[in-house]
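This briefing goes through a helix, a charged pair and a pocket in turn. Please keep the coordinates open alongside the text while reading.

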Amino acid sequence: MTKEEILEKSRQDNGGKDIEDLEIQKQAAMAGYFSSAGICTLISIISFIFTKHVSVQCWMMFFGMLSVAFFTKYFKLKKIHELLVALCYLLIFILLAIAFIFELKGIMPVTGVAA
């Protein structure tokens, strides 16, 4: 088998995508996840410094994004691990969304730290 035949077989096995392309997409997704977590952490720290309260909005968005990513991986790969992780992230997202609604309705205090 020649090098070109091996590469063509690899592309066929990977849905027409090059292995290098797949690896770059994986690295880009990981960079996106980690940078999003870092940004949320930074926003939370700054928010706490100035208001003594950590807002749930950015974390709600973060876990919503992660749940969609893992549900997508589950539907493509059919791995139960991806489904379980997606469901955990979805549960966290739902709890944060409820907390966000409570903040908006004034049920949960937005400022101040419990003594």
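The structure, which is a predicted model, holds one salt bridge. That salt bridge joins the side chains of glutamate 82 and lysine 73, with a distance of 3.5 Å from N to O. Glutamate 82 belongs to the buried residues of helix α4 and is also listed, together with Lys73, in the lining of the largest pocket.

**The salt bridge**
- Glutamate 82 has a relative accessible area of 9%, which is under the 20% limit, and therefore counts as buried.
- Side chains of opposite charge can pair when their charged atoms come close.

**Helix α4**
- Helix α4 comprises the 26 residues 80–105, which at 1.5 Å a residue should span 38 Å, and the 37 Å between its end C-alpha atoms agrees with that expectation.
- The buried residues of α4 include Leu83, Val85, Ala86, Leu96 and Phe100, and α3 (57–77) is part of what covers the buried residues of this helix.
- Just after α4, glycine 106 takes a positive phi of about 80°.

**The largest pocket**
- The largest pocket has a volume of about 490 Å³, and among the residues that line it are Gln25, Met30, Tyr33, Thr72, Lys76 and Leu77.
- Helices α2 (19–51) and α3 each supply at least two residues of this lining, and α2 gives the most to it, with five residues.
- By residue class, the lining of the largest pocket divides into five charged, four nonpolar and two polar residues.

Notes: Residues numbered from 1 in each chain as written. Predicted model: local features only at pLDDT ≥ 70, side-chain atom pairs only at ≥ 80, totals over all residues. Heavy atoms only, no water. Helix = DSSP H or I, 4+ residues; strand = E, 2+ residues; numbered from the N terminus. Expected span 1.5 Å × (residues − 1). Buried < 20%, exposed > 50% of the residue type's maximum accessible area, 1.4 Å probe, protein only. Contact = heavy atoms within 4.5 Å. Salt bridge = Lys/Arg side-chain N within 4 Å of Asp/Glu carboxyl O. 1 Å grid on protein atoms, 1.4 Å probe; cavity = no way out; pocket = protein on both sides within 12 Å on 5 of 7 lines; lining within 4 Å. Points joined across faces, edges and corners; volume = space filled by probe spheres on them. Nonpolar A, V, L, I, M, F, W, Y, C, P; charged D, E, K, R; others polar.
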